[in-house]
Amino acid sequence: MLEARAVTHSHDPTPTLCDEPWNDPAHREAVPCPLCEAPPDDAIVVGTRARFGMAVRNVACHRCGLVHVSPRPTPAAMDAYYRGPYRAQYRNVKLPAPGGGFVGPDDAGYHAARVHRYRQQAAIAATLGGTPPGGRVLEVGCRDGQTLANLRDEHGLRVFGVEPGPAEAQTARERGVEVFVGLLEEYAPDGEGFDQVQMFHVLEHLHDPLGALSRLASWLKPDGRLIIEVPNVTHPYGPLEGNFFQNAHLFSFSANTLRGLFVRAGLRVERLVDGNTLFVVGTPEAVAEAPRPFGPDTVPHPEQDGAWIATRLDTYRHLERLRAEIRGGAANMDRLGAVTQLLRRPGFATHTTETVRDLVDFFARVGAPRAAMAVATAAAAGPHPVELISFCHRVVAECRARLGQ
């Protein structure tokens, strides 16, 4: 399933037929946390809207910090959504263009952007998997097979796919990829096993991520590797409830919670890339019980619980909105005061750093050194990385010198 960090769409909050699985109790379910099995009501609400203005309730589990939709559409309701409004809603999602910027399906360069995207994805998969030529690679949710075709043609791998969309599966077959048309749960591989199993931006759509990881692990050879890529909730992008939270995403994983699911599924985490998106690479372990029970050692950072993630998401939500308003020409003392209050709170390190640098640069360019100094002074007093605090001290010193203080 395609993902992008920028989209163009309507934010009309008026409910439509597309909202039915999220609003009609007959099509919803509330389930225990899939990671730690806490009751569904033991959670903190972190969002009530998602892309397209849809009423989608995201919560953070109090115990483990896993962010997920609750209540959520039933599997049958989600299946109907994917067969119906999903493609139309997501048609205008834009992809990063190789030369910069973003392009949509109706823009020149969109085909080139897709080719570039899946060539990059294949290169990442080859690097993370390390599977030698001749190895067997399975991709679940392989779309039209571009990534697998690149792995075959450029890295000499034997490729197989699972894809629920018949039209996309047919295109993959035309590329010479052997594809099973159906769901993950319906696929029954031969007994040879795979050297590499990969899934890009699919796990967040599934109702049972722990069961999916356990199933994928069972298809690996003893030294095989599972590669998962998902959006990273500690690196959100754009408005939290207008872009990052998506109605189709039942889960928003962090490095901490995804690692915990790997552990419970009987997978040893070999590598984790915690960036704009989240990559985790795991190998199967011989376990006495699968899935493993959740315990104090399941997640590496138990302090990153529901309150931890909820606080940072709230900081992000308001800080991102205020930054956009200020840069859009709506700078005033009230907004500056709100920003300085937020910068004293815990936030996501990358986003806070980007915001501070962006606002300092903006105020410097418009000739407002006192505002730049206020931003830097506030951030220097917050619980932020040493590098950001050092930067802020330099900004304050430069502004004081400019003001003759």
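Let's start with Asp24, which comes out as partly exposed, at 27% relative accessibility. This is a predicted model, and everything below should be read that way. Asp24 sits in the loop that runs from helix H1 (20-23) to S2. Which residue does the C-alpha atom of Asp24 pair up with at 8.8 Å? That is Pro73, 49 residues apart from Asp24 along the chain.

Going from Ser70 to Pro71, the peptide bond is cis, and omega is near -5°. Pro71 belongs to the loop between strand S5 (67-69) and strand S6 (72-73). Then there are two non-glycine residues with positive phi: Glu37, near 70°, and His201, near 55°. Glu37 lies in the loop joining strand S2 (28-29) to strand S3 (43-49), while His201 lies in the loop joining strand S12 (194-200) to helix H7 (209-218). Are these two buried or exposed? Glu37 is exposed, because its relative accessibility is 52% and the cut-off for exposed is over 50%. His201 is buried, with a relative accessible area of 5%.

## Helix H5 and what covers it

Helix H5 spans residues 146-155, and its buried residues are Gln146, Thr147, Leu148, Ala149, Asn150 and Leu151. What lies over them? The cover includes helix H4 (110-129), strand S9 (136-140), strand S10 (158-163) and S12.

Just past the end of H5 you'll find Gly156, whose phi is positive at about 70°.

## Aromatic rings

The structure has 12 aromatic pairs. Take Tyr82 and Tyr86: their ring centres are 4.9 Å apart and the planes meet at 80°, so this pair is edge-to-face. The reasoning is simple, because planes over 60 degrees apart count as edge-to-face. Tyr82 is partly exposed, at 21% relative accessible area, whereas Tyr86 is buried, at 3%.

Phe180 and Tyr187 give another arrangement: with centres 5.4 Å apart and planes at 45°, the pair is tilted. Here Phe180 is partly exposed, with a relative accessible area of 28%, and Tyr187 is buried, at 13%. Back at Tyr82 and Tyr86, both belong to one aromatic cluster, along with Phe52, Tyr81 and Tyr90.

## H12 against H13

Helix H12 has two packing partners to describe, starting with helix H13 (residues 369-380). The angle between H12 and H13 is about 160°, and their axes are 8 Å apart. That makes the two roughly antiparallel, because the angle is over 145 degrees. Their crossing is left-handed.

Who touches whom? On the H12 side, the contact uses Val356, Leu359, Val360 and Phe363. H13 brings Pro369, Ala371, Ala372, Val375 and Ala379. By class, the contact of H12 with H13 has 9 nonpolar residues, no polar and no charged.

## H12 against H14

The other partner is helix H14 (residues 386-403), which packs on H12 (residues 349-365) at an angle of about 15°, with axes 11 Å apart. So H12 runs roughly parallel to H14, because the angle is under 35 degrees. This crossing is left-handed.

In this contact, H12 supplies Thr352, Thr353, Val356, Arg357 and Val360, and H14 supplies Leu388, Phe391, Cys392 and Val395. What is the split by class in the contact of H12 with H14? There are 6 nonpolar, 2 polar and 1 charged. Val356 and Val360 of H12 take part here, and they also take part in the contact with H13.

Key
Residues are numbered from 1 along each chain as its sequence is written. This is a predicted model: local features need pLDDT of at least 70, side-chain atom pairs count only at pLDDT 80 or more; totals for chains, interfaces and linings use all residues. Side-chain values use heavy atoms; hydrogens and water are left out. Axes are lines fitted to C-alpha atoms, for helices over the stretch in contact, and angles run from 0 to 180 degrees between N-to-C directions. Helices (H or I, at least four residues) and strands (E, at least two) are DSSP runs, numbered from the N terminus. Angles under 35 degrees count as roughly parallel, over 145 as roughly antiparallel, 65 to 115 as roughly perpendicular and the rest as oblique. A crossing is left-handed if the near helix is turned anticlockwise from the far one by less than a right angle, and right-handed if clockwise. Contact means heavy atoms within 4.5 Å. Ala, Val, Leu, Ile, Met, Phe, Trp, Tyr, Cys and Pro count as nonpolar, Asp, Glu, Lys and Arg as charged, and the others, Gly among them, as polar. Rings of Phe, Tyr and Trp (its six-membered ring) pair if their centres lie within 6.5 Å; planes under 30 degrees apart count as stacked, over 60 as edge-to-face and the rest as tilted. Buried means under 20% relative accessible area, exposed over 50%, partly exposed in between (1.4 Å probe, protein chains only).
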